[in-house]
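Reader: Hello! I would like a close look at a single part of this model, and I would be glad of one connected walk through it.

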Amino acid sequence: MPELFAFTDGACSGNPGPGGWGVLLQAREGDRVLREREIKGGEATTTNNRMELLAAIAALETLERPSTITIVTDSNYVKNGVTTWLHGWKRNGWKTAAKKPVKNAELWQRLDAAQARHDVTWQWVRGHAGHPENERADELARAGMAPFKPGKAG
């Protein structure tokens, strides 16, 4: 049975500023890619962290049926948030340990709901370090941002 991977990335020009997210979905058997799909999007005014979250959300929400998937991200914010902090935030009514509201709570809630349908493994890779699929996800994120950059035709 093929393994499913989603390589996700977010980009922002200024923080906040125009941003984009990108996802490279691959079905693999060993090192062989059987199928792949690219998805991307963006917003006119956003932050890098929001784009990183939206990439992971898009990867999970695009799957039509419950799946086993490995999400590969270069964002420690997303990886640590979903694997370490999320449970406590939910338990504390979406407040941090310092009793402050969780930033991007609506996106974390959306990610939590999206991953509940699937069996998800989260994997971190160093960004901009020559990882081919991460570099492609970065290119998609930049392409998703392009229509929102000032002076750029969409």
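In what order do the five strands form the open sheet, and what is the pairing?

Author: Happy to take you through it. Please keep in mind that this is a predicted model. The five strands form an open sheet in the order S3-S2-S1-S4-S5, and the pairing is mixed. S3 and S5 are the edge strands, each pairing on one side only. On average, neighbouring strands of this sheet are turned by 20 degrees against each other, with direction ignored.

Strand S2 (residues 17-29) and strand S3 (residues 32-46) run antiparallel and are joined by twelve bridges. To find your place in this pair, look for Ala-27, which stands opposite Arg-35 in S3. The two strands S2 and S3 form a hairpin with two residues between them, and Gly-30 in that turn has a positive phi of about 65 degrees.

S2 also pairs with S1 in the antiparallel sense, over ten bridges.

Strand S1 (residues 3-12) runs parallel to strand S4 (residues 68-73), and five bridges join them. Phe-5 has Thr-70 as its bridge partner in S4.

Now for the helices that pack on the sheet. H1 touches S1, S2, S3, S4 and S5, and its direction makes about 155 degrees with that of S1. Helix H4 (residues 132-145) packs on the sheet as well, touching S1, S2 and S3; the direction of H4 makes about 140 degrees with that of S2. As for S1, seven of its ten residues are buried, so this strand is largely enclosed by the rest of the structure.

H1 itself deserves a moment. Helix H1 (residues 48-61) has 14 residues and reaches 20 Å from its first C-alpha to its last, close to the 20 Å expected at 1.5 Å a residue. Ten of those 14 residues are buried, so H1 is largely enclosed by the rest of the structure. Among the buried residues of H1 are Met-51, Glu-52, Ile-57 and Leu-60.

Leu-60 leads us to one last spot. The backbone oxygen of Leu-60 lies 3.2 Å from a polar atom of the His-118 side chain. You will find His-118 in the loop between helix H3 (105-116) and strand S5 (119-124). With a relative accessibility of 10%, His-118 counts as buried, because the cut-off for that is under 20%. The side chains of His-118 and Arg-117 are joined by a polar contact of 3.5 Å. Leaving aside neighbours within four places in sequence, His-118 is in contact with Leu-60, Leu-63, Arg-65, Pro-66 and Ser-67.

How values were computed: Residues are numbered from 1 along each chain as its sequence is written. This is a predicted model: local features need pLDDT of at least 70, side-chain atom pairs count only at pLDDT 80 or more; totals for chains, interfaces and linings use all residues. Side-chain values use heavy atoms; hydrogens and water are left out. Helices (H or I, at least four residues) and strands (E, at least two) are DSSP runs, numbered from the N terminus. The expected span of a helix is 1.5 Å times one less than its number of residues. Buried means under 20% relative accessible area, exposed over 50%, partly exposed in between (1.4 Å probe, protein chains only). Two strands pair if DSSP finds at least two bridges between them. A polar contact is a pair of N or O atoms within 3.5 Å; within protein, one must be able to donate a hydrogen and the other to accept it, and residues adjacent in sequence count only if both atoms are side-chain atoms. Contact means heavy atoms within 4.5 Å. Axes are lines fitted to C-alpha atoms, for helices over the stretch in contact, and angles run from 0 to 180 degrees between N-to-C directions.
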